[in-house]
Amino acid sequence: VYVEEDLYMPTINVNGTSVEVDAEPETPLLWVLREQLGLTGTKYGCGVAACGACTVHIDGAAVRSCQVQLQSIGAEEMITTIEGLSPDRSHPIQRAWLELDVPQCGYCQSGQIMAAAAFLSEYPEPTDEDIRANMTNLCRCGTYNRIMAGIKRAAELT
Amino acid sequence: MHNFDFVKPASVADAVKALSTEGAQPLSGGQTLMPSMKQRLAAPSVLVSLTGIAALQGVKVEGRTLTVGAATTHATVAKEAAAAYPALAKLAGGIGDPAVRNRGTIGGSLANNDPSACYPSAVLGSGATVVTSRREIAADDYFQGMFSTALEEGEIITAVRFPIPDRAAYAKFDHPASRFALAGAFVAKYAGGVRVAITGASEGGVFRWTEAESALSSNYTADAVKALSLDPGGMIGDLHGTQAYRANLAKVMVMRAVAAS
């Protein structure tokens, strides 16, 4: 029987389910999600932590998954992606986004939504200034004003 | 990005051992090193993650001393230091953006010593002690110019000990895109006198403005600094601001910090 010497198959928890993944320990979480787990809602934008398109939650906190190495994640840490934000797209941010047609092309929006959801849980009654200071993801369509309106609407829906 | 190996030791001793490998580099929150590697500005062959070491985590208060584990994130410091050292907590809560604060760590920031980073000003302005895997280094000896520190090869920061001041505040003028400080001032008032540390402004990285310290030690008001001026000579001059602009901005930040504390 052939046994690989340093067989590395870590278990991570994604969207409430523990999964064993087969990837090198230095693989960015972004690529584990997209390529190993098929969760392609999380997008690759810049790869250098500048744009935020790859934002996911780890234990409720927004992080840029292109900068998180697989092995730095503990089995007990809860990763949430856009697919797991709500079972039926009913998170207040998602409802507000639909209501106000926030996206234009949409590419950055799963990252925007994940950043906004983490932000809203920390700032349930956000001011414009709070939103400007904490929502730093880039949008090349320039939907920033609608993102701001969407977050305020979501605060009302919460 | 070049290929590299990734190891995640569970103790400081194991991390030190792993760092003795040729081309190894410590990795904390990865908010500077990972983008640098992806842009091929850095190419370590082994990354030694420090985030799995329990001893490097957390904020502890004992008497008038606040100790922050080196791998504690900015977001955690913003929450856990808020009661004992609000100026430090506020600084931590204003670094970068939420994603940076959720991963970036105090040890990583200090080891990198970016001339525009926020934390170096709090450490120097508080006269804190940088505790490493080998020794304890006073803040005054630790910072040695832009991106350079007293750390030796293979030496890891394990904690930072801050003496808690009577009054303190941090004021910065940040660049709206990068969120780095164009100039930032950390002012702390202790029984023995006032310390003033400036970040973001100087070619030499964070520095103490001793003239302002003596003025504030005898009269702790924003007005006490008004007549002073910093020499624009050693300041950073770039497309975001001239040397004279930065020298003046640093003074304004000191005045704002004093007024806010």
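This report walks through selected features of a predicted model.

## Ground rules

This is a predicted model, where local features need pLDDT of at least 70 and side-chain atom pairs count only at pLDDT 80 or more, while totals for chains, interfaces and linings use all residues. Residues are numbered from 1 along each chain as its sequence is written, chains are lettered from A and ligands numbered from 1 in the order in which they are written, and side-chain values use heavy atoms, with hydrogens and water left out.

Start with strand β6 of chain B, residues 129–132. Helices (H or I, at least four residues) and strands (E, at least two) are DSSP runs, numbered from the N terminus. Thr129(B) and Val131(B) point one way from β6(B). Val130(B) and Thr132(B) point the other way. All of these residues are buried. Buried means under 20% relative accessible area, exposed means over 50%, and partly exposed lies in between (1.4 Å probe, protein chains only).

Which strands pair with β6(B)? One is β7(B), residues 136–138, joined in the antiparallel sense over three bridges. The other is β8(B), residues 157–163, which runs antiparallel to β6(B) and is joined to it by four bridges. Two strands pair if DSSP finds at least two bridges between them. β6(B) and β7(B) form a hairpin, with three residues between them. Val130(B) has Ile137(B) as its bridge partner in β7(B). Val131(B) stands opposite Ala159(B) in β8(B).

Side chains of opposite charge can pair when their charged atoms come close. A salt bridge here is a side-chain nitrogen of Lys or Arg within 4 Å of a carboxyl oxygen of Asp or Glu. How many salt bridges are there over all chains? The count comes to twelve.

Take Arg134(B) and Glu152(B), whose side chains meet in a salt bridge at 2.8 Å, N to O. This pair links distant parts of the chain, 18 residues apart. Arg134(B) sits in the loop between β6 and β7 of chain B. Glu152(B) sits in the loop between α8 (139–142) and β8 of chain B. Arg134(B) counts as partly exposed because its relative accessibility is 45%. Glu152(B) is also partly exposed, at 43%.

Next come Glu136(B) and Arg161(B), with a salt bridge of 2.9 Å, N to O. Glu136(B) lies in strand β7 and Arg161(B) in strand β8 of chain B, so the pair ties together parts 25 residues apart in sequence. Glu136(B) is partly exposed, with a relative accessible area of 48%. Arg161(B) is partly exposed at 29%.

Asp140(B) forms a salt bridge with Arg195(B), and their closest N and O atoms are 3.0 Å apart. Asp140(B) is in helix α8 and Arg195(B) in strand β11 (residues 193–199) of chain B, so this pair ties together parts 55 residues apart in sequence. Arg195(B) has 14%, so Arg195(B) counts as buried. Salt bridges that share partners also join Arg134(B), Arg135(B), Glu152(B) and Glu155(B) into one network.

## Two arginines with positive phi

Arg89(A) has a phi near 60 degrees, a positive value in a residue other than glycine. Arg89(A) lies in the loop between β5 (78–80) and α2 (92–100) of chain A. Arg89(A) counts as exposed because its relative accessibility is 61%.

Arg179(B) has a phi near 65 degrees, again a positive value in a residue other than glycine. Its place is the loop between β9 (167–174) and β10 (181–190) of chain B. Is Arg179(B) buried or exposed? Arg179(B) is buried, with a relative accessible area of 18%.

Ser148(B) lies in the loop between α8 and β8 of chain B. Ser148(B) counts as partly exposed, at 26% relative accessibility. How far is Ser148(B) from Gly233(B)? Their C-alpha atoms are separated by 20 Å, and the two residues are 85 apart along the chain.
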